[in-house]
Amino acid sequence: MSNVTVIGAQWGDEGKGKIVDWLASRADIVVRFQGGHNAGHTLVVGNQTYKLSLLPSGLVRGKTGLIGNGVVIDPQALLAEIERVRAQGLDVSPASLRIAENATLILPVHGAIDRARELARGERKIGTTGRGIGPAYEDKVARRAIRVCDLAEPETLDWKLDELLLHHNTLLQGLGAPPFTKQELMDWLLDLAPRILPFAARVWELLDEARRAGRRILFEGAQAVMLDVDHGTYPFVTSSNTVAANAGTGSGVGPAAIGFVLGIAKAYCTRVGAGPFPTELFDETGRLLGERGHEFGTVTGRPRRCGWFDAVLVRSAVRVGGVDGLALTKLDVLDGLDEIRICTGYTLDGVTVRHLPAAPAASLRVQPVFETMPGWKETTRGARSYADLPAQAIKYVRRIEELVEAPVTLLSTSPERDDTILVRDPFEG
């Protein structure tokens, strides 16, 4: 029996929420290990739709949810999310949700810095959500972060806020934005502390006990490999490591504990925000994919850029992310197309290249090399076995497996949880 780690294999928004929800029914504990409330998972359960940003998706299934030390937490946003899902009937309490005591907090000053810097970039905007995730991670590595455990010590908050504001107010004034006072941040933190501290725990210890007891753990990643701060399309990336290797660091377990790595990829490709996107479509087909796939960001509401499946990109994600198998989502969005294209390679200034270049200017000049396959007229929506799929749809899936050099272990054919074709159970290793 194996644990499972779920990561995105493109630029995020691949439908991880549904897959994690589906897997959560087979798990005991679900753990978030990186990112902040700039990522969103949408779960459709019957007539209820849950939109989660910080809460582990397993809470929807009544599972224990853990938020690891690798997550940066806006305490106000977390409490608002808890209240929202409680109103939908979910039980979220310290009995069902624990937060790592050593997780970094996002403060209002972080959001202000994030937005001011993005505005100052002008035409060179990265496309951040402006929610303070990046500046909070910066404070973490600069050793001036305020963490969950600090909420229990006003005397610690006192001197930490001095150090933090010495840095951030200088930046804000340089960017023409108003500074923050120590008292307003202290009041904000002390008001939130009694509501956050009951959830605080040594998450690493809870996970160690769970492993020793043989409980199944599902590690839930946010964003995707191509947004990884080291391995993604830098600087158009998120501020954390999104690859599976970070599941251990971001939750407090050893690398062997992350188990089977399941990469999630759409049957086509999307991206939110700026940055390279070799297979992006600007025509009627791109618009059609966006409409059929309801391609709007769960958190931002921004329309996603749409394009054909990029096998070069996903193959890189498989290798760097340590992916053992793929979950291919939204196959039904391609129903009825006369032909479907897959990117099988790139050229750069007329020369064949095997990977997307790391250099930003070069990555924007890359041209895709496409392979064209016939589409299918029959519907795949709602299919729950390969026997329900059109022959050409099966050929398309098989071709993706060949190109990305990884097996498709799950196949999703609608937003509904049970419209899933299981080829191999990730929890069986």
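1. **Ground rules.** The model is predicted: local features need pLDDT of at least 70, side-chain atom pairs count only at pLDDT 80 or more, and totals for chains, interfaces and linings use all residues. Residues are numbered from 1 along each chain as its sequence is written, and side-chain values use heavy atoms, with hydrogens and water left out.

2. **Domains.** The chain splits into domain 1 (4-99 + 200-261), domain 2 (104-197) and domain 3 (265-422). These bounds come from an automatic or database domain assignment. Between domain 1 and domain 2 the C-alpha centres are 23 Å apart. In their contact (heavy atoms within 4.5 Å), domain 1 contributes 21 residues and domain 2 contributes 18 residues.

3. **Interface area.** Domain 1 and domain 2 bury about 1800 Å² between them. Carbon and sulfur atoms carry 67% of that area. Buried area here is the accessible area (1.4 Å probe) that two parts lose on being put together, summed over both. V72, P75 and L79 supply 30% of what domain 1 buries against domain 2, more than any other three residues.

4. How many salt bridges cross between domain 1 and domain 2? The rule finds 0; it asks for a side-chain nitrogen of Lys or Arg within 4 Å of a carboxyl oxygen of Asp or Glu. Polar contacts do occur: 7 residue pairs, both at pLDDT 80 or more. A polar contact is a pair of N or O atoms within 3.5 Å; within protein, one must be able to donate a hydrogen and the other to accept it, and residues adjacent in sequence count only if both atoms are side-chain atoms.

5. **Domain 1 side.** β6 (72-73) and α2 (75-87) each supply at least two residues of the side that touches domain 2. α2 gives the most, with 4 residues. Helices (H or I, at least four residues) and strands (E, at least two) are DSSP runs, numbered from the N terminus. By class, this side of domain 1 has 10 nonpolar, 10 polar and 1 charged residues. Ala, Val, Leu, Ile, Met, Phe, Trp, Tyr, Cys and Pro count as nonpolar, Asp, Glu, Lys and Arg as charged, and the others, Gly among them, as polar.

6. **The 10-stranded sheet.** The sheet is open and mixed, in the order β9-β7-β5-β2-β10-β1-β11-β15-β19-β20. Its edge strands, β9 (200-201) and β20 (420-422), each pair on one side only. Two strands pair if DSSP finds at least two bridges between them. β5 (residues 64-67) and β7 (residues 97-100) run parallel over 3 bridges. L66 has R98 of β7 as its bridge partner.

7. **Partners of β16.** β16 (residues 339-348) pairs in the parallel sense with β14 (residues 309-310) over 2 bridges. There, F309 is bridged to I342. With β18 (residues 367-374) the pairing of β16 is antiparallel, over 8 bridges; E339 stands opposite P374. β17 (residues 351-353) is also antiparallel to β16, through 3 bridges. Y346 has V353 of β17 as its bridge partner.

8. **Backbone checks.** β16 and β17 form a hairpin with 2 residues between them, and D349 in the turn has a positive phi of about 55°. K330 is not a glycine, yet has a positive phi of about 60°. K330 sits in the loop between β15 (325-329) and β16. The peptide bond from Y234 to P235 is cis, with omega near 10°. P235 lies in the loop between β10 (217-220) and α8 (246-249).
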